[in-house]
Amino acid sequence: MDKTLRGAAEMTAAMTILGTIGLFVVLSGEGAIDVVFWRCAFGALTLLVICSAQGLLRGQLTLKTLLMAVLGGFAIVVNWAMLFSAYGEASIGVATAVYNTQPFILVGFGALFLRERISSAKLGWLAFAFFGVLLIILAKPATADYIGSNYALGIALALSAAFFWAVAALLTKKLTGTPPQLIALIQVSVGILMLAPFVSWSALPQSGAAWAALATLGIVHTGIMYVLMYGAVQKLPTYLQGAFSFLYPIVAILVDYVAFGHQLQVPQLIGAAAIVLSAMGLTFGWKLSIGCRKGECVS
C-alpha cells in the first residue's frame, strides 16, 4: 500500500476511535475521576507492552525531558477529567465542539510564551470561533435531550479541558525527538499516581459491561489510538494531518446522536460548524477577506 494511503487509513481509524470516546465514558457508568484513573491504568499496561516491544524503555529520557513529560501528564489528566465531566452536563456533541477551541488557546500560548506573531487572519478565525462558542452557549437546549442539568457548567468544563490540552501541547513541544508512545506512557503513569487517592475503591464497577468500557478506553482509545495516530503522523504531510483531525468532532456528534438521540439545535449546529471551520482555517492558513477596494479584496 502507498505510504500516504496507509497514513490516511491510520489517521482515519485514529480519529474515528477518538470520536467514540464519549460513548464509552457514558457506557462505563462511572464518575469522571474513576473513568480517567482506569483509562490511565489500562492504557499504561498497553503502552508498556508497546514501548517494551519497540525498545523504547532504555536510554530515551533525560531528567529534563522526564520532568516536562510529567508536567504534561498532569495537564492531560486534568484535561480528560474536565472533558469527561462536560459530557454529562452538555452532551458529548456539544462538549466536543467547544473542546475544539484548543488550537486557538495554543496560538495564544505561543504568543505569550514563545513570542509567536498572531496575524490578522488568525485573529479573524479566533473571532469566528468565539462567535461559534457564543451561539452554543446562548442556545437553549431541550432539557430531555441532555444528560445533565447544568448546560453552562458543561460548556465551562469543555473550555477548561481545551485550556489544559493546550498546556500539555505546549509542554510537549519541548520534547521533540522523544518517542510519543513513551511520552504517553509517562502521562498515563502520572495519572495513576495523581488519581489513585480519589478513586471510589469501595464502589468499584460491578458489571462486566462497565469493566469492558473502561478497558476499551485504556487499550483502544489510549494505547492503540496513540500507535495509529503517531504512525500516521510519520507518513502524512502536515496539511493532511490537520485535515483528518477534523473527523474527531464530526464522529463525536454523530455518535452522540445515534447512541443517545442527542440532536443539536440549529444554533448549536451553526456554532459547532463555525468552530470546526475556524480551526480548519487556522490549521491551513486560510485568509479571511474582510473588505474590497477597487475590485481587490484585502485580508
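Reader: Which residues of helix 1 are buried, and what makes a residue count as buried?

Author: The model is predicted. In helix 1, the buried residues are Gly 7, Ala 8, Glu 10, Met 11, Ala 14, Met 15, Ile 17, Leu 18 and Gly 19. A residue is called buried because its relative accessible area is under 20%.

Reader: Why is Gly 208 called exposed?

Author: Its relative accessibility is 56%. The cut-off for exposed is over 50%, so Gly 208 counts as exposed. Gly 208 lies in helix 10, residues 208-233. Between the C-alpha atoms of Gly 208 and Ser 28 there are 9.7 Å in space, although the two are 180 residues apart in sequence.

Reader: What makes helix 3 and helix 9 a packed pair?

Author: The axes of helix 3 (residues 32-53) and helix 9 (residues 180-195) are 8 Å apart, at an angle of about 145°. The crossing is left-handed. Residues in the contact include Val 36, Phe 37 and Leu 47 of helix 3 and Leu 182, Leu 185 and Val 188 of helix 9. They count as in contact because heavy atoms lie within 4.5 Å. By class, this contact has 16 nonpolar, three polar and no charged residues.

Reader: How does helix 4 pass helix 9, left-handed or right-handed?

Author: Helix 4 passes helix 9 in a right-handed crossing. The axes of helix 4 (residues 63-90) and helix 9 come within 8 Å and cross at roughly 65°. Among the residues that meet are Leu 66, Phe 74 and Trp 80 in helix 4 and Ile 186, Val 190 and Met 194 in helix 9. This contact divides into 13 nonpolar, four polar and no charged residues.

Reader: What makes a set of residues a nonpolar core, and how many residues has the largest one?

Author: The members must be buried nonpolar residues joined through side-chain atoms within 4.5 Å. The largest core has 72 residues, and Val 36, Phe 84, Tyr 87, Val 94 and Ile 136 have the most contacts inside it. Helix 4 gives the largest share of this core, twelve residues.

Reader: Which residues does the second core include?

Author: Val 107, Ala 129, Phe 246 and Val 276 are included in this separate core of eight residues.

Terms used: Residues are numbered from 1 along each chain as its sequence is written. This is a predicted model: local features need pLDDT of at least 70, side-chain atom pairs count only at pLDDT 80 or more; totals for chains, interfaces and linings use all residues. Side-chain values use heavy atoms; hydrogens and water are left out. Axes are lines fitted to C-alpha atoms, for helices over the stretch in contact, and angles run from 0 to 180 degrees between N-to-C directions. Helices (H or I, at least four residues) and strands (E, at least two) are DSSP runs, numbered from the N terminus. A crossing is left-handed if the near helix is turned anticlockwise from the far one by less than a right angle, and right-handed if clockwise. Ala, Val, Leu, Ile, Met, Phe, Trp, Tyr, Cys and Pro count as nonpolar, Asp, Glu, Lys and Arg as charged, and the others, Gly among them, as polar. Buried means under 20% relative accessible area, exposed over 50%, partly exposed in between (1.4 Å probe, protein chains only).
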